[in-house]
Amino acid sequence: MAGNTFGQVFKVTTFGESHGLSLGCIIDGCPAGIAVDENFLQNEMARRRPGAKGASVTARKESDTAVIQSGVFEGKTTGTPIAIIIQNTNQHSGDYSSIKDAFRPGHADYTYQEKYGLRDYRGGGRSSGRETCARVAAGAIAKMILRQKGISITAYTERAGGISCTNIDESEIEKNPMRAPDAKAAELMEEKVNEARRSGNSLGGIIKCIVRGVPAGLGEPVFDKADALLAGAMLSIGAIKGIEFGSGFSAADSNGMTNNDSMRLSSNGKKTFATNNAGGILGGITNGNEIVFRCAVKPVPSIYLKQQTVNMADEECDILIEGRHDVCLCPRIVPVVEAMTAITLADLLLRNKAVHL
């Protein structure tokens with residue numbers, strides 16, 4: 001299986017399966033001398049881990065303790081590969097034995113079988129969302145690089161179950177299980193999630209991400225544009241089915257005069273923009289404005305309702321998925337979106353060092 005490595009300078013390779021012994025990542029290309037905050041690393045893992053509070057989250061309980069195996073000495077990166085391991089301790093593989101020969105609708109079962117001729121049916125194996133714990137570990141290291149440059153990343157649930165946030169207060173994000181910046185909207189989202197759980201169904205939503213403090217000049221024109229790489233990073237997250245930057249799809253109904261971000265000079269002579277319809281990226285290169293994008297998250301495919309499918313014997317059959325599953329992925333995808341954003345920008349930041357001597 002190819003395609004498990006992301007990045008060119010700051011390279012992240014993830015490994016492991018949902019019901020294997022462990023998952024983890026190898027980070028190659030991290031500069032030496034970066035202060036490593038292991039408490040911050042574990043806090044990032046806790047934001048994504050299963051078994052957290054909230055009606056939307058699976059009952060599978062994992063500590064998701066990230067253990068650094070190499071690349072760090074006396075609290076700082078050494079410039080050598082960083083290896084991080086996360087043990088699986090609470091997998092229930094028997095939950096999948098009754099459906100191992102049937103293809104779950106909405107999952108990668110059929111496509112993995114067609115491509116490889118076999119698959120790990122226990123929770124989806126490599127295609128499981130559990131793989132993202134390794135991304136969050138790598139993203140925490142990337143965030144440590146970015147914060148030295150004054151770059152911060154904030155993602156949140158903007159919409160879930162048809163409920164949208166209207167009053168944005170980012171201090172509310174970590175105060176509610178939906179990771180929404182609107183306390184009232186979060187309550188309504190939770191109600192929708194509880195309704196879906198009771199009926200055996202699931203919900204989708206929208207994640208918004210804002211990156212502040214990004215300097216102008218990041219991104220490699222043509223094929224490695226900053227927005228192209230960020231889009232690829234987001235769409236590599238299994239549940240994300242769409243992305244838009246700045247004004248996004250609404251630009252299709254706009255015009256050049258209103259969609260262009262006119263420029264100004266501030267009192268100290270700094271170049272600024274009156275608006276941010278471009279989402280902070282022009283010609284594939286960051287323009288110094290905030291990077292803003294939104295991701296569409298599909299409903300969780302594992303639902304507790306009987307569905308029609310096909311089995312390995314090429315027979316039509318019904319399937320009823322058991323086990324422990326999320327109802328809405330948005331709250332747990334928020335830290336994954338931040339992690340992949342951090343990994344992408346850390347890579348572009350380091351690549352930029354080759355532009356100027």
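A residue is called buried under 20% relative accessible area, exposed over 50%, and partly exposed in between. Pro 177 has 35% relative accessibility in this model, so Pro 177 counts as partly exposed. The model is predicted.

Pro 177 belongs to the loop that joins strand E9 (163–164) to helix H4 (183–199). Along the chain, Pro 177 and Arg 332 are 155 residues apart, while 9.4 Å separates their C-alpha atoms.

## The five-stranded sheet

Five strands make up an open sheet with antiparallel pairing, in the order E1-E2-E3-E7-E4. Strand E1 (5–6) and strand E4 (66–70) are the edge strands; each has a single partner strand, so one side of each lacks a neighbour in the sheet.

Within the sheet, six bridges link strand E2 (residues 11–16) to strand E3 (residues 22–28) in the antiparallel sense. Phe 15 has Gly 24 of E3 as its bridge partner.

## Helices on the sheet

Helix H1 (residues 38–48) packs on the sheet and touches E4 and strand E7 (82–87). The direction of H1 makes about 130 degrees with that of E4.

H3 lies across E2, E3 and E7. Relative to E3, H3 runs at about 35 degrees.

## A nonpolar surface patch

Met 1, Tyr 116 and Leu 118 form a nonpolar patch on the surface, and their accessible area together is about 320 Å². Leu 118 sits in the loop between helix H2 (109–116) and helix H3 (132–147). Leu 118 counts as exposed because its relative accessibility is 56%, and the cut-off for exposed is over 50%.

Key:
Residues numbered from 1 in each chain as written. Predicted model: local features only at pLDDT ≥ 70, side-chain atom pairs only at ≥ 80, totals over all residues. Heavy atoms only, no water. Patch = residues over 30% accessible without salt bridge, like charges linked within 9 Å, V, L, I, M, F, W, Y side chains within 5 Å. Areas by Shrake-Rupley, 256 points an atom, 1.4 Å probe, with all protein chains shown as cover. Salt bridge = Lys/Arg side-chain N within 4 Å of Asp/Glu carboxyl O. Helix = DSSP H or I, 4+ residues; strand = E, 2+ residues; numbered from the N terminus. Buried < 20%, exposed > 50% of the residue type's maximum accessible area, 1.4 Å probe, protein only. Pairing = 2+ DSSP bridges. Contact = heavy atoms within 4.5 Å. Axes fitted to C-alpha atoms, helices over the stretch in contact; angles between N-to-C directions.
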